[in-house]
Amino acid sequence: MRSWLDTRAIQRTGLMALLVAALLPTSVAQESEKLPPAKQVIERSIEALGGRAAFEKLTSQVVKGTFEIAEVGLKGPMVSYTAPVCRQYTQIELPGYGVMQSGSDGTVFWKIDPMMGPQIIEGTERALQQRNARFNSALYWEELFEKAECVGIEEVEGQPCYKVVFTPKVGEPEVTFYDRNRYIPVKMVFRLKSQQGGMTVEVFPSDYKRVDGVMASHTQKQVVAGGLQTLNIKTESIEHNVDIPADRFALPEAIVKLLEEKKAEPKQGAAEKTEK
């Protein structure tokens with residue numbers, strides 16, 4: 001859902017809520033070394049990825065590629081649509097498993113999974129999805145997070161990186177590792193609480209290519225449970241400023257039904273009390 005931008009587009013898939021990962025970094029920072037302010041690191045990253053002016057020219061994004069769970073032999077096509085401010089739709093087709101969908105009309109966040117069925121995302125999970133769905137979210141980090149702190153220098157696959165911790169208003173801190181030389185994001189870590197429990201996800205974006213003036217990651221590796229499972233996401237195409245039909249972000253019928261049932265619940269409770 002990217003450069004930082006494209007990476008978060010991938011994180012928006014409903015399947016992301018089912019992943020787990022372990023964060024076990026090895027610090028390589030010298031205690032005496034003075035770290036740059038987080039804002040400086042983030043702004044330099046935005047410039048390295050193309051600059052604010054280039055990102056602000058983008059009005060929509062369509063990403064197409066493949067999604068693979070190597071350990072179980074599942075692989076299929078994936079497509080993701082995003083538009084301002086927080087409208088999003090992602091679909092993944094896995095032969096033998098089914099179609100996974102997730103999205104938002106800008107207000108309601110939802111997902112549909114063959115195993116779990118339709119779900120409305122709420123609580124801290126919704127807060128995370130809302131941040132991830134924010135179009136051009138890298139530009140609005142000060143709006144999306146209460147604070148950001150550069151806490152050290154750590155190696156990611158042998159490359160020294162600035163470690164920046166983002167603290168949101170709702171939910172747990174998220175971490176981004178920026179290549180110390182190029183200022184490109186090379187690892188993201190986030191944790192969420194959902195119906196499935198507490199989950200941590202590590203994302204490793206790579207293969208950055210320039211598309212319409214901005215750098216976007218075309219390969220994503222996600223390590224689950226410290227290596228128990230690896231997800232590979234390969235981007236085949238990224239299109240910007242596409243005319244996306246409005247109904248692309250419309251709530252599916254199953255989600256509309258869930259919302260109606262949810263609205264009816266308090267009325268049913270009141271009716272029962274009246275009868276008693």
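How many helices and strands make up the secondary structure of the protein? The tally is 6 helices and 13 strands; here helices (H or I, at least four residues) and strands (E, at least two) are DSSP runs, numbered from the N terminus. Before we go on, a word on what you're looking at. This is a predicted model, where local features need pLDDT of at least 70 and side-chain atom pairs count only at pLDDT 80 or more, while totals for chains, interfaces and linings use all residues. Residues are numbered from 1 along each chain as its sequence is written, and side-chain values use heavy atoms, with hydrogens and water left out.

Let's take the overall picture. Of the 276 residues in the protein, 51% are buried, where buried means under 20% relative accessible area, exposed over 50%, and partly exposed in between (1.4 Å probe, protein chains only). The protein exposes about 13,000 Å², and carbon and sulfur atoms supply 50% of that. Those accessible areas come from the Shrake-Rupley method with a 1.4 Å probe; for residues, only the protein chains shown count as cover.

Now find strand β13, which spans residues 229-240. Strand β1 (residues 61-69) pairs with β13 in the antiparallel sense, over 9 bridges; two strands pair if DSSP finds at least two bridges between them. Within that pairing, look for Glu 68, which stands opposite Asn 232 in β13. Strand β12 (residues 214-224) is also antiparallel to β13, with 6 bridges. There, Thr 219 has Lys 234 in β13 as its bridge partner.

Met 199 and Val 224 are 25 residues apart along the chain, and their C-alpha atoms are separated by 9.6 Å.

Finally, the loops have some backbone details to spot. Between β2 (74-83) and β3 (87-94) is the loop that holds Val 85. The peptide bond from Pro 84 to Val 85 is cis, with omega near -10°.

Further along, Glu 157 sits in the loop between β7 (145-156) and β8 (159-168). Glu 157 isn't a glycine, yet its phi is positive, at about 50°. With a relative accessible area of 65%, Glu 157 is exposed.

Asn 241 is another residue to look up, in the loop between β13 and α6 (253-275). Asn 241 also has a positive phi, near 55°, in a residue other than glycine. Is Asn 241 partly exposed or buried? Its relative accessible area is 43%, so Asn 241 is partly exposed.
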